[in-house]
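Come along and check each entry against the picture.

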Amino acid sequence: MGNHEVPTALTCARRSARNLWLRCTLRRSQQEAVASSMMTATSDNFFNAYAIFLGASLAQMGFVTGLPQLFGAMSQLVSVWLASHFSRRGFIVCCAALQAVVVLAMGVLAAFRPEHAVWIFIALAVGYHGFINLIQPHWRAWMGSIVPERRRGTFFAARTRLTMGASLSVFFIGGGILTFTDSRQMAWLGFTLLFSIAAMGRFVSAWLLLQMHDPDPREAKQRGVFIQTIRNFRGAWKDKTFRQYSLFVASMQAMVAISAPFFAVYMLEDLHFSYIEFVLASVASIATQFVTLKFWGRFSDQFGNRLVMIITSCMIPSLPLLWLFSDNYLYILLIQAFSGLAWSGFTLSTANYLYDIRPFRSDFATYAALQASLSAGFVFVGAMVGGTIASHAADFLVWSGWNTWLSSPIFVVFLVSTILRAFVTLWFIPRSVEPKVRPRPQLLQLIFRIRGFNAISGVSLDWLTVVKCRKNND
């Protein structure tokens with residue numbers, strides 16, 4: 001009898017110890033979500049405004065959008081190889097701390113505004129996105145190893161609510177700080193305070209990550225990881241349906257990148273919005289995206305993701321065009337809300353579509369990483385094209401005589417983006433297919449962890465955090 005009591009006691013002690021570190025780690029993770037949101041709310045929504053404050057030219061605005069995305073994608077490709085030389089938690093904490101230093105440097109830049117400040121900011125933005133993408137794959141793996149499968153939906157839904165609440169709070173506070181300081185001709189102080197708050201949030205985030213438990217502290221080193229990744233990419237690219245889907249998504253994001261940096265320029269420079277008005281216009285899109293995800297999820301379940309992709313990809317070309325008709329503030333808020341409706345459906349349906357079209361039992365991470373890398377490259381090209389068009393738009397309006405009905409050179413960029421978005425949509429519609437729907441993680445469990453929101457280019461979904469799929473009983 002006694003022989004059975006000892007292992008039972010040991011088992012209970014081990015289970016109790018595991019429950020203790022698990023509860024503590026999950027609690028720390030929720031706190032970390034709030035801390036890191038102080039940083040992401042700044043980066044996702046104030047980078048363009050900051051570049052304008054530093055005096056970025058229209059051509060440089062293209063670099064602000066495109067170059068960080070390109071280097072971010074490259075960082076994610078080397079992340080697995082680089083992190084294999086360190087403990088996982090140590091690597092993540094180190095990258096988070098270095099990212100906080102980068103954000104703090106952005107605040108210092110606002111205070112001193114040295115020569116070539118815009119190019120220094122672009123370099124810092126490259127570092128910022130690089131660290132995010134170095135962290136991302138290992139953060140996913142870490143969360144996957146500590147969050148029990150049965151609790152992942154609830155956990156990430158709660159985490160998303162915290163992230164959203166904290167992000168919007170910081171966004172509004174930042175807009176208020178910038179409006180107040182700008183009214184006193186001290187916008188530099190506002191940006192310094194804003195980036196200092198963001199850096200402090202990331203430092204706290206790094207400290208909380210350090211307090212979390214990692215049950216798998218070191219990933220086994222694998223030789224030839226990078227070469228194998230390239231081989232996996234080549235194999236995935238041979239799939240015609242996936243290839244056409246990837247070209248469609250990447251091309252659409254490229255055409256969006258042509259105009260994306262210039263909405264902030266138009267609002268702040270041409271319409272002379274205050275920073276708080278700029279924030280409210282952005283929130284109109286962000287809030288609509290968040291609210292309408294549920295609607296699009298149900299719609300796609302009933303009618304299929306292909307139909308949602310077609311509907312929303314037909315809506316997206318009109319978004320920049322609508323800005324030409326009025327500069328009334330309420331009208332712009334309505335445009336932004338309509339933009340949020342379109343982008344939430346587009347992002348959700350394209351994420352679901354990728355999940356469905358990949359070959360059965362294939363590595364989903366390979367397909368998602370290839371699509372993301374391709375999109376980053378296309379976004380860079382689109383942003384460069386947009387910057388070039390914007391730089392010559394004023395001369396073009398004078399030469400063509402269109403300046404009599406186009407009040408801003410930026411409208412040329414909006415028109416080009418509209419036309420090219422429409423071409424991408426028309427190319428894809430006849431090539432799209434309705435794939436066989438596989439059992440997928442439930443939408444409302446938010447297993448695709450909402451990573452961030454952007455007022456112009458939509459919600460970012462992290463589809464590599466997966467929980468138990470719902471069973472198909474039909």
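This is a predicted model: local features need pLDDT of at least 70, side-chain atom pairs count only at pLDDT 80 or more; totals for chains, interfaces and linings use all residues.

**Entry 1: the end of H9.** Then I went back into the helix itself and found a kink of about 40° in H9, centred on Thr-292. I also checked its length: 29 residues at 1.5 Å a residue should span 42 Å, and the end C-alpha atoms of H9 are 41 Å apart, which agrees.

**Entry 2: the whole protein.** I stepped back for an overview. I noted 14 helices and two strands in the protein. Of the 474 residues, 53% are buried. I then looked up contacts between residues at least 6 apart in sequence, and 83% of them join residues at least 24 apart.

His-272 was my next stop, with a positive phi of about 55° although it is not a glycine. I found His-272 in the loop between helix H8 (240-270) and helix H9 (275-303). Is His-272 buried or exposed? At 63% relative accessibility, His-272 counts as exposed.

**Entry 3: helix H4.** Where does H4 bend? I found a bend of about 35° at Gln-136, with a proline, Pro-137, following within four residues.

I stayed with Gln-136 for a moment. Its relative accessibility is 8%, so Gln-136 counts as buried, being under 20%. The C-alpha atom of Gln-136 is separated by 7.6 Å from that of Gln-76, although the two are 60 residues apart along the chain. For the helix as a whole, I wrote down that H4 is mostly covered, with 22 of its 30 residues buried.

**Entry 4: aromatic rings.** How many aromatic pairs does the structure hold? I noted 32. I picked one to follow: the rings of Phe-47 and Tyr-128 have centres 5.4 Å apart and planes at 65°, so this pair is edge-to-face, the cut-off being over 60 degrees. Phe-47 lies in helix H1 (residues 2-53) and Tyr-128 in helix H4 (residues 117-146), so the pair ties together parts that are 81 residues apart in sequence.

Both partners went into my accessibility column. Phe-47 is buried, at 8% relative accessible area. Tyr-128 counts as buried as well, at 1%.

I then traced the surroundings of this pair. Phe-47 and Tyr-128 belong to one aromatic cluster, together with Tyr-50, Phe-53, Phe-121, Phe-191, Phe-195 and Tyr-275. Phe-53 gave me one more note: the charged end of Arg-113 sits over the ring of Phe-53, 4.5 Å from its centre.

**Entry 5: the salt bridge.** I searched for salt bridges next, and the count comes to one. Which residue forms a salt bridge with Glu-32? The partner is Arg-202, and the closest N and O atoms are 3.6 Å apart. Glu-32 lies in helix H1 and Arg-202 in helix H6 (residues 187-211), so the pair ties together parts that are 170 residues apart in sequence.

Glu-32 counts as buried, at 4% relative accessibility. Arg-202 is buried too, with a relative accessible area of 6%.

**Entry 6: a last look at H8.** I finished with Gln-244, which lies in helix H8. Gln-244 counts as buried, at 16% relative accessibility. Which residues is Gln-244 in contact with, leaving aside its neighbours within four places in sequence? I listed Trp-427, Phe-428 and Arg-431.

Key:
Residues are numbered from 1 along each chain as its sequence is written. Side-chain values use heavy atoms; hydrogens and water are left out. Rings of Phe, Tyr and Trp (its six-membered ring) pair if their centres lie within 6.5 Å; planes under 30 degrees apart count as stacked, over 60 as edge-to-face and the rest as tilted. Buried means under 20% relative accessible area, exposed over 50%, partly exposed in between (1.4 Å probe, protein chains only). A charge sits over a ring if NZ of Lys or CZ of Arg is within 6 Å of the ring centre and within 35 degrees of the ring normal. The bend at a residue is the angle between axes fitted to the seven residues ending there and the seven starting there. A salt bridge is a side-chain nitrogen of Lys or Arg within 4 Å of a carboxyl oxygen of Asp or Glu. Contact means heavy atoms within 4.5 Å. The expected span of a helix is 1.5 Å times one less than its number of residues.
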